[in-house]
Amino acid sequence: MKAPPKRFVVGALTLAAWLSCGGGRLESADSRDIEFFETRIRPVLVEHCGECHLDGKTKGGLRMDSRGTILAGGDSGTSAVPGEPEASPLIRAVRYGDPDLRMPPRHRLAPGIVRDLEEWVRRGLPDPRPEPGTATAAKSSASIDPSRTRQHWAFLPLARPAIPEGEPEAGALDRFLRERLLKEGLDFSGPTDRRTWLRRVTQDLTGLPATAEDIAAFESDDRPDAREQWMERLLASPAYGERWGRWWLDVARYADTNGQDENKVMGNAWRYRDWVVASLNADMPFDQFAREQIAGDLFGTHLAPGGARFEACTATGFLVLGPKLLAEQDKPKLVLDIIDEQIDTVGRAFLGLTLGCARCHDHKFDPVPQRDYYAMAGIFASTRTMENLAFVSKFNERPLAPEPEVERVAAHAVQFREAMNRLEKAEKQAKGKDGKPPADPTVTNRIPALKAEVERLKAMTPKPLPKTLAVSEASSTNLPVLGRGSHLNPGKEPVPRGFPTLLGSIPVPPPASSASGRMELALWLTHSSNPLTPRVVVNRVWQAHFGEGLVRTPDNFGLRGELPTHPELLDWLAGEFVRSGWSLKWLHRQIVLSRAYGQSSVIRTDASGKDPDNRWLHRYPVQRLEAEMLRDAILDVAGRLDRTLGGTVVDWQNDEYVPGDEAPFGSVRRALYLPVVRDRGYDLFTAFDGANSSVAVARRSSTVVSPQALYLLNAPLVRDAADRLVQTLKEEPEASRLRALYRRVLGRGPGAVETERARELLSDARLAGLSEVQRWTVLAHALLCSNEFTHRE
Amino acid sequence: MRTDPIHPVAMKKGPREITRRAALERLGLGFGGMALASLLGRTEAGVASPIAAHPPHFAPRAKRVIFVFMHGGPSHVDTFDYKPILERDSGKPLPFAKPRVQFAQTGNLRRSPWDFRPYGQCGAMVSDLFPLTGACADDLCFLKAVHGTNEAHGGALLKLHTGSDVSVRPSMGAWISYGLGTENANLPSFITINPTLGHGGVGNWASAFLPASHQGTRIGGGGTPVDKATIAHLGGAWDPAVQRAQLDLLGDLQREHLGRVGAESSLEARIESFELAFRMQTEAPDILALTGETEATRKLYGLDDPKTASFARQCLLARRFSERGVRFVQITHGYWDQHDDLTKEHARLAGEVDRPIAGLLRDLKARGLLDETLVLWGGEFGRTPTLQGKDGRDHHPHAFTVWMAGGGVKAGFSYGATDEYGFYGVTDKVHVHDLHATMLALLGLDHERLTYRHAGRDFRLTDVAGRVVREILA
């Protein structure tokens with residue numbers, strides 16, 4: 001790609017300057033004409049006429065900021081006659097036919113634009129801009145009635161429902177669920193067997209299959225609190241953070257590369273991923289977890305006691321991770337698109353709201369006026385997300401080191417550059433000019449000393465500081481409402497930075513004038529009187545355990561979302577969750593030890609008619625393993641999974657284009673650590689509904705398509721796992737080999753039919769050409785494809 | 001649950017009837033029959049396959065699409081948009097303003113290095129870069145004033161393929177798969193051959209929030225030679241006979257398991273998906289091997305010439321997949337990004353594709369497939385009529401040419417015009433959204449009704465825009 005490098009100053013001031021040219025509010029008028037004006041005429045006026053005729057400028061006495069001022073004209077009379085382009089000086093001027101009247105003076109407008117202006121005059125110059133001196137038009141759209149929509153269940157404060165009556169040993173969660181089941185004429189299924197329960201909970205809490213040894217130990221564990229003990233062991237395993245870290249990374253649209261148009265490596269994104277894993281393992285309270293991702297750099301709280309403040313900015317990588325059109329040459333638009341992506345992600349991730357809808361107009365369904373959007377947009381416009389807006393722009397990073405060290409490194413860089421400059425200058429002087437000897441003959445003598453100084457400083461160059469993807473504060477600015485979301489249509493008045501108004505007043509101070517407002521936004525999101533954040537996260541956790549949430553539209557709690565199946569249970573859980581100190585592990589304990597979670601998954605013909613979608617949880621829902629779990633399980637049963645924690649598995653240069661054509665997915669570390677390359681899907685993840693890493697994914701689909709079968713039948717990963725699995729069984733005596741194989745893959749021995757079918761296969765004529773080891777491999781491979789292996793039952 | 005209007009009886013048979021040997025026997029029936037397709041398009045449990053064929057909104061003019069994508073942005077003023085005034089004024093400055101946002105600075109007007117001549121009854125002017133395609137002019141429908149919104153490759157590709165260069169959206173092939181399903185359940189509904197992995201990469205054939213089964217199946221790309229390219233994991237782990245024995249065992253184990261856990265429909269569907277995979281594994285390699293194509297056909301596409309062989313193979317594969325019922329096939333050729341060296345490089349690139357494209361058009365026509373197949377040709381943008389560097393042109397999303405053929409569009413027709421220099425569209429402009437709306441309309445889909453509810457909103461390929469260009473419908 002060739003193009004001149006352009007540098008733009010980043011930050012709010014420039015954006016504000018871009019947005020500073022005129023604009024106004026819509027008045028009622030024929031909507032097609034308005035549309036025509038807004039799309040074809042207003043941008044032309046702003047771009048080609050604004051310099052002299054808008055915003056109080058009246059060159060030649062002409063103002064063009066409303067229909068009235070255009071008709072009033074300038075020093076030489078009216079500029080346009082409605083309906084008559086031929087009689088309108090404006091049209092004569094832009095046609096460039098009259099040498100004495102040419103506008104704009106410096107260049108002729110494109111023929112299409114001239115045609116549009118003619119059309120506009122022909123239509124009678126429809127123009128919704130308010131006349132100067134008149135009161136600003138009333139608000140454009142009243143599609144929603146805020147007072148009514150604020151009564152929507154999700155926006156109301158958390159209720160404190162009474163726990164239903166029930167058997168004394170039944171927990172609150174089960175009582176809520178059972179009350180509903182009984183109402184529907186149903187009841188829970190019986191408990192599942194111990195093997196299935198342990199497999200289920202191990203897969204669920206750690207993302208890994210339970211080993212046959214663990215299953216045997218658990219089956220013979222007769223402690224009364226055996227389940228609790230085993231659950232605690234799993235919650236304490238570092239694998240817990242890996243599994244649930246991935247859960248959050250779906251929402252955070254985590255990736256290691258930018259994707260979109262310029263797929264550049266975000267070489268430090270993994271630090272954010274590791275921060276997520278470590279925070280979840282430490283059971284960081286979720287409100288803190290949320291706050292740090294919005295404004296960790298400002299709170300200065302952090303994971304490890306005694307750690308340094310600078311580390312807390314790692315969490316704000318959340319705001320930088322989004323895909324960006326880095327080569328977009330309309331840089332003001334790029335900045336606004338990035339802000340939009342941030343608002344959309346924050347809205348979905350924490351609030352279950354589609355705030356992004358309000359960029360161009362008031363939200364169609366939810367009480368989110370466009371003004372609220374720009375109040376929030378101002379916060380992100382006052383935040384530095386990009387290091388620069390160069391031709392291919394660069395995302396922001398911050399050094400991971402204490403301030404004095406950062407300063408020391410920066411000072412050294414300055415020193416070195418100055419020394420280099422002195423040397424270069426001297427060398428240039430020593431060469432002389434146009435063959436003439438240097439003016440100062442002593443300059444040559446100074447060069448060795450200058451060289452030595454450069455060498456000395458070079459040798460002292462400090463190691464480059466590690467960096468992390470993070471935002472920082474930029475100068476504070478308020479944005480105006482932008483017509484149709486475009487910076488070419490800015491409103492007149494800036495909207496003070498603030499928060500969505502749909503939750504009413506939450507006692508958080510407004511953004512300080514000298515700061516971005518992220519800190520206040522973080523406090524607002526996690527304030528005890530904000531009911532959305534706890535409802536949304538509790539629902540996400542529920543969904544991860546049961547396949548479906550209590551609200552089945554996990555990223556839309558607005559008016560278009562589904563109603564909760566168990567509203568009292570949701571509010572009870574959300575309230576208790578907050579009172580538990582926002583502890584995710586507390587929530588897991590409630591769920592995993594419940595009767596609902598521990599019941600059998602076997603289909604009940606008596607219940608499926610009344611509850612075909614299992615909305616009332618009359619049985620535990622069978623779920624296909626997520627892509628990462630499936631891969632890790634395949635490697636794990638083959639004894640290949642490398643359980644090293646954290647770090648990165650690729651050695652790519654930061655901010656370089658993703659090298660090579662295929663990304664390196666060959667690592668046998670847990671799937672969590674495979675590079676997430678936005679425009680190169682890992683085939684296993686692509687086939688098995690892995691999360692799209694470019695958008696906040698609230699719920700993965702779980703499809704059944706033949707490419708999944710092709711993958712399991714033929715992918716080298718699976719075939720290789722089968723080979724290794726059989727290798728590990730070589731020492732087993734023939735008589736117990738089948739049992740050993742079944743125990744490895746499914747955590748149980750084979751049944752009679754299975755033993756019989758295995759024997760048939762091993763002696764099948766179609767396998768005559770294979771060695772004994774290969775025949776066993778065919779069998780092992782089939783087990784890896786089986787539903788029992790690929791599903792959580 | 002949907003019932004099958006064609007084979008209601010077959011739908012009621014037990015699992016073993018449709019699997020295993022029965023399926024092998026059915027392979028003898030060959031491809032493409034609607035009856036077979038609809039039979040295989042759903043599983044025994046009555047769970048419709050996500051890509052089973054659905055009826056369109058209204059009577060379609062085309063059943064399938066072949067998108068011939070020219071990656072990098074071929075120059076419209078050097079190919080299909082003839083501008084005599086540009087020739088006359090070459091070297092002079094553009095007499096009106098350039099766009100507010102430009103990819104890079106360009107200089108004065110620059111004539112085309114190629115001559116143009118009229119072709120066919122319609123007399124369409126085509127440059128000497130495309131003589132053989134030009135000879136098909138009476139089958140082509142030119143859109144001369146197409147415009148996009150993004151001046152960089154990545155954004156422009158995403159806009160063209162997904163309708164959005166800002167947000168992550170399903171690609172047009174995925175929308176069409178979602179809207180119409182597939183005519184042949186043994187094959188994917190959407191195939192993309194040799195796509196670029198950059199400039200949006202997977203995003204250009206992804207399903208985004210649509211179910212994953214609608215994403216494009218990639219064949220090659222990323223430097224894989226086209227004659228080595230195949231569908232991922234299409235066999236290879238075991239000999240077919242061994243794999244058949246393995247599948248027989250697996251099926252038995254699965255059914256035994258199902259007997260224990262109950263008739264969970266997703267588990268039943270998965271049992272069937274293995275049989276479908278096995279059938280795909282049998283069919284697709286034959287298609288990829290070009291089995292059964294005559295010497296004459298191979299020559300027609302240019303497979304006999306090393307210069308054209310690679311793209312010829314893509315074009316021929318497009319026809320083979322398309323005639324077997326694949327709903328949307330995209331083929332990609334590049335890299336038409338001549339910021340410099342335009343004279344040499346555009347000539348080389350056109351030389352690689354002209355014969356294959358003409359071959360595809362003539363072959364489809366000869367087989368009676370052109371009427372029901374919409375062929376779409378274009379790049380992500382055109383190139384500036386003004387000069388960049390010594391011999392280059394810059395990106396130009398403001399006006400460029402796309403042509404269509406077959407599939408219910410007017411033949412030998414041209415719609416829309418650019419100004420005298422080919423810089424801006426002046427009449428009958430067609431935005432990328434309009435192009436999408438029109439393509440869907442040709443397939444019998446109303447772009448305003450083809451929606452998917454995601455995160456509380458009904459999304460469309462055309463977002464909130466799009467006009468069906470009725471003027472080009474035959």
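Predicted model: local features only at pLDDT ≥ 70, side-chain atom pairs only at ≥ 80, totals over all residues.
Trainee: Which residues of α5(A) are called buried, and what makes a residue count as buried?

Mentor: A residue is buried if 20 or more other C-beta atoms lie within 10 Å of its own, and in α5(A) those called buried are Pro111(A), Gly112(A), Ile113(A), Asp116(A), Leu117(A), Trp120(A) and Val121(A).

Trainee: Why are α20(A) and α21(A) called roughly perpendicular to each other?

Mentor: Helix α20 (residues 532-546) and helix α21 (residues 567-579) of chain A pack at an angle of about 105°, with their axes 9 Å apart; because angles of 65 to 115 degrees count as roughly perpendicular, the two helices α20(A) and α21(A) are therefore given that description. On the side of α20(A), the contact is made by Pro534(A), Arg535(A), Val538(A) and Asn539(A), while α21(A) brings Leu570(A), Leu573(A), Ala574(A), Phe577(A) and Val578(A). By class, this contact of α20(A) with α21(A) has seven nonpolar, one polar and one charged residues.

Trainee: How many residues does each chain give to the contact between chain A and chain B, and which element of chain A gives the most?

Mentor: Chain A gives 76 residues and chain B gives 74, and on the side of chain A that touches chain B the most come from α27(A), with seven residues.

Definitions and conventions
Residues numbered from 1 in each chain as written. Chains lettered and ligands numbered in written order. Axes fitted to C-alpha atoms, helices over the stretch in contact; angles between N-to-C directions. Helix = DSSP H or I, 4+ residues; strand = E, 2+ residues; numbered from the N terminus. Parallel < 35°, antiparallel > 145°, perpendicular 65-115°, else oblique. Contact = placed C-beta atoms within 7 Å. Nonpolar A, V, L, I, M, F, W, Y, C, P; charged D, E, K, R; others polar. Buried ≥ 20, exposed ≤ 12 C-beta atoms within 10 Å, placed from the backbone.
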